[in-house]
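Hi,

Here is the structure I promised to pass on. Have a look at it first, and then read my notes below.

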Amino acid sequence: MADLDIAALANVLQEAAYAEVLPRFRNLGDGDIRMKTEAIDLVTEADEAAERLIRDRVAELLPEALFVGEESVAADPALLGKIGDADLAVVVDPIDGTFNFAAGLPLFGVMLSVVSEGETVAGIIYDPIGNDWAIAEKGSGAWLCRTDGTQERMVVRPSQPLSQMIGIANTGFFDIETRRKLLVNLADVRLFTSYRCAAHEYRMLAQGHMDFAMYNKLMPWDHLAGTLIAQEAGAYAARFDGSPYLPHHTTGGLLIANDEESWRELMEKVFTI
């Protein structure tokens with residue numbers, strides 16, 4: 001992947017945000033928001049328009065790549081199963097945090113990851129409101145890149161005692177009994193929340209503002225870019241059974257923590273699924 005132009009891909013996300021996302025923010029009409037699977041799972045005209053633009057630009061930059069977008073998979077679910085076997089795939093979430101976007105909350109992002117032969121090799125999270133990017137290429141660290149050209153290395157913070165840990169725990173996709181158990185266990189950490197936006201949750205973790213992030217629903221556009229960025233910032237990531245998280249996985253849960261020791265403590269004492 002020596003010829004991967006990560007800067008060009010980053011610029012594509014910015015272009016999509018400025019052309020299709022931001023003009024519609026707090027400006028959506030009644031017919032511009034639709035429910036997908038339930039009332040908290042939404043799609044807007046901005047999601048679809050942004051994905052079309054990104055798909056067209058990616059086809060110009062990487063014509064050989066399989067394009068897998070969240071809205072593309074909604075139209076053709078078979079795409080999801082092709083990621084692991086593709087020589088090259090580009091996975092996109094045109095608006096991560098659609099619920100927030102539709103509600104007028106400025107907490108959403110645009111995410112892209114590049115998968116080569118079943119391995120995530122690059123990830124980008126663009127924040128349209130802050131106009132900056134979290135970017136990682138495998139083996140090259142994680143970087144916060146600003147429009148003025150400055151870059152800042154992203155590094156997770158040192159491990160904390162369990163009682164002082166702050167993190168993300170998205171419990172909404174567990175059955176009710178498991179959810180009750182987890183919510184009781186989570187009383188042992190200092191603070192947990194969910195911003196309904198993996199883009200910003202991963203950025204906070206990689207920038208050293210949190211200690212863990214836990215997810216049960218594993219759609220690749222939600223987690224591939226963020227997991228790579230967090231790992232390149234020094235975090236430890238694995239599925240609940242301890243196995244590596246790979247691009248084709250959609251089940252098995254995912255826990256990312258600042259280091260392996262914290263990961264194991266969280267699994268043993270909190271996320272005892």
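**Salt bridges, then the annotated site**

Let's start with a charged pair: Arg203 and Asp132 join their side chains in a salt bridge, with N and O 2.7 Å apart. Arg203 sits in helix H6 (residues 198-206) and Asp132 in strand E7 (residues 132-137), so this pair ties together parts that are 71 residues apart in sequence. Both Arg203 and Asp132 are buried. Keep in mind as you read on that this is a predicted model.

Over the whole structure, the search turned up 10 salt bridges. Two others are worth a look.

- Glu260 and Arg264 also meet through their side chains, at 2.7 Å from N to O. They are 4 residues apart in helix H8 (residues 260-269), which means about one helical turn separates them. Glu260 is partly exposed, at 35% relative accessibility, and Arg264 is partly exposed too, with a relative accessible area of 41%.
- Arg57 pairs with Glu60, where the closest N and O atoms are 4.0 Å apart. Both belong to helix H2 (residues 45-61), and because they are 3 residues apart there, about one helical turn lies between them. Arg57 counts as partly exposed at 25% relative accessibility, while Glu60 counts as exposed at 58%. Along with Glu15, Arg57 and Glu60 are linked in a network of salt bridges.

Now for the annotation. Which residues does UniProt list for "binding site"? The unreviewed entry there gives Glu70, Ile95, Asp96 and Asp222. These are spread over 153 residues of sequence, yet they cluster in space, with a largest C-alpha distance of 10.0 Å.

Are they buried or exposed? Ile95 has 1% relative accessibility, so it counts as buried, the cut-off being under 20%. Asp96 is buried too, with a relative accessible area of 5%.

With the neighbours within four places in sequence left aside, the contacts of Asp96 include Met111, Cys197, Ala199 and Asp222. Ala198 is in contact with Asp96 as well, and the backbone nitrogen of Ala198 lies 2.8 Å from a polar atom of the Asp96 side chain.

Cheers

Notes: Residues are numbered from 1 along each chain as its sequence is written. This is a predicted model: local features need pLDDT of at least 70, side-chain atom pairs count only at pLDDT 80 or more; totals for chains, interfaces and linings use all residues. Side-chain values use heavy atoms; hydrogens and water are left out. UniProt positions are given in the numbering used here, feature names are shortened, and annotations may be inferred rather than shown by experiment. Buried means under 20% relative accessible area, exposed over 50%, partly exposed in between (1.4 Å probe, protein chains only). Contact means heavy atoms within 4.5 Å. A polar contact is a pair of N or O atoms within 3.5 Å; within protein, one must be able to donate a hydrogen and the other to accept it, and residues adjacent in sequence count only if both atoms are side-chain atoms. Helices (H or I, at least four residues) and strands (E, at least two) are DSSP runs, numbered from the N terminus.
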